[in-house]
Amino acid sequence: MTHEQIDRMVRRANPVRDPNSLGSVAVPVLTTPLERRMEMQIDHRPGTEVQANRNRWRGPLIGIAAAAAILVAGLVFVLTRDNTPVAEPAPNATRLTMSMEFQPIDPGAYFADTDLLESTSLRGTFVIESNGWLGTAAGAMKSLVDDGPYIALFIAEVDRVWSSACESGRTQQAAATTAEGLANQFVAAGFTNTGALTPVSAFGHEGYHLATEVRPSCISQDFTVWGGSNWDGRYYQTENQPLELWFLDVEGTPVLVEATWWPETPEEDVAELRTVLDTLVITP
């Protein structure tokens, strides 16, 4: 059987719409026990019929093995691509509104409308599994001590930032219209960045991640950092307050996700915040 016949047989049994869609596969020279046994069994005495017969079949066998390796690699590629799980938002989520601002919310699924407009549908949906959380139009927070440590999650379309959040005389400016541009505005906000701005895929979209902390000189209601329709002016409450920020491109709309806690927040409470983050899905 020729290589061409083998190829036609494999393609009939396992048709591939477009061979170019499969990535190239490096097929090494076979060093399997089967091949080594074949080499050991070959009669190397020249002119024997056994040597001629075995050499005649060695090439086709290697060709069949190579074709099988390519086919298996292609199937793995397709199955990996087609079976990648796509996150879905929790069903029956409750809309967070201004009237729920800092009011207790029960465990369940909620969504923050990123611009508070009935005419648009962009939202961030997440699940709260414990008591003690308070609602806001932009997300939810949990106070651990009165006027003390808290954990919080906010999702918003930012429409204004401040050129330097920690300096007097700062000027308000419009937010950038891309996720990357918005991310760069936050990099320059005057905080202590604890990690580089990093491209990521998060909450169902591509964007950027930034880890930062609030400098002591930035703690004041006067030092507003960002604002949007569902959160008028965001400022911070304690020095070295950690912030994890994601800037996502949601079909051309930049969306900010902020997760924050206090330096002295117990690890189990930070873990609870991360559990909520694990349920967050942003849908356009």
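The side chain of E244 makes a polar contact with the side chain of R274 at 2.7 Å. A polar contact is a pair of N or O atoms within 3.5 Å; within protein, one must be able to donate a hydrogen and the other to accept it, and residues adjacent in sequence count only if both atoms are side-chain atoms. This is a predicted model, in which local features need pLDDT of at least 70 and side-chain atom pairs count only at pLDDT 80 or more, while totals for chains, interfaces and linings use all residues. Residues are numbered from 1 along each chain as its sequence is written, and side-chain values use heavy atoms, with hydrogens and water left out.

E244 belongs to strand 15. Is E244 buried or exposed? Its relative accessible area is 12%, so E244 is buried (buried means under 20% relative accessible area, exposed over 50%, partly exposed in between, with a 1.4 Å probe and protein chains only). Not counting residues up to four places away in sequence, E244 touches H209, L210, V257, E258, A259, W261 and R274; contact means heavy atoms within 4.5 Å.

The chain as a whole has five helices and 17 strands. Helices (H or I, at least four residues) and strands (E, at least two) are DSSP runs, numbered from the N terminus. Of the 284 residues in the chain, 38% are buried.

Strand 16 (residues 253–261) has eight buried residues out of nine, so it is largely enclosed by the rest of the structure. Two strands pair if DSSP finds at least two bridges between them.

| Strand pair | Sense | Bridges |
|---|---|---|
| Strand 7 and strand 16 | antiparallel | six bridges |
| Strand 15 and strand 16 | antiparallel | eight bridges |
| Strand 13 and strand 14 | antiparallel | two bridges |

Individual residues illustrate these pairs. F154 stands opposite E258 in strand 16, and L243 has T260 in strand 16 as its bridge partner. Strand 15 and strand 16 form a hairpin with two residues between them, and E251 in the turn has a positive phi of about 50°. W226 has R234 in strand 14 as its bridge partner.

An open sheet is formed by four strands in the order 9-8-13-14, with antiparallel pairing. Strand 9 (172–174) and strand 14 (231–234) stand at the edges with a single partner strand each, so one side of each is left without a neighbour in the sheet. On average, neighbouring strands of this sheet are turned by 20° against each other, direction ignored. Helix 4 (residues 179–187) lies across strand 8 (158–162), strand 9 and strand 13, and runs at about 30° to strand 8. Axes are lines fitted to C-alpha atoms, for helices over the stretch in contact, and angles run from 0 to 180 degrees between N-to-C directions.

Which residues touch the most other members of the largest nonpolar core? They are F186, F191, W226 and F247, in a core of 29 residues. A nonpolar core is a set of buried Ala, Val, Leu, Ile, Met, Phe, Trp, Tyr and Cys residues joined through side-chain atoms within 4.5 Å. Strand 7 (150–156), strand 8, helix 4, strand 12 (205–213) and strand 15 (242–250) each supply at least two residues of this core. Leaving aside neighbours within four places in sequence, F186 is in contact with V161, L210, V225, W226, L245, F247 and L256. A second, separate core of 28 residues includes F126, W133, A259 and L273.
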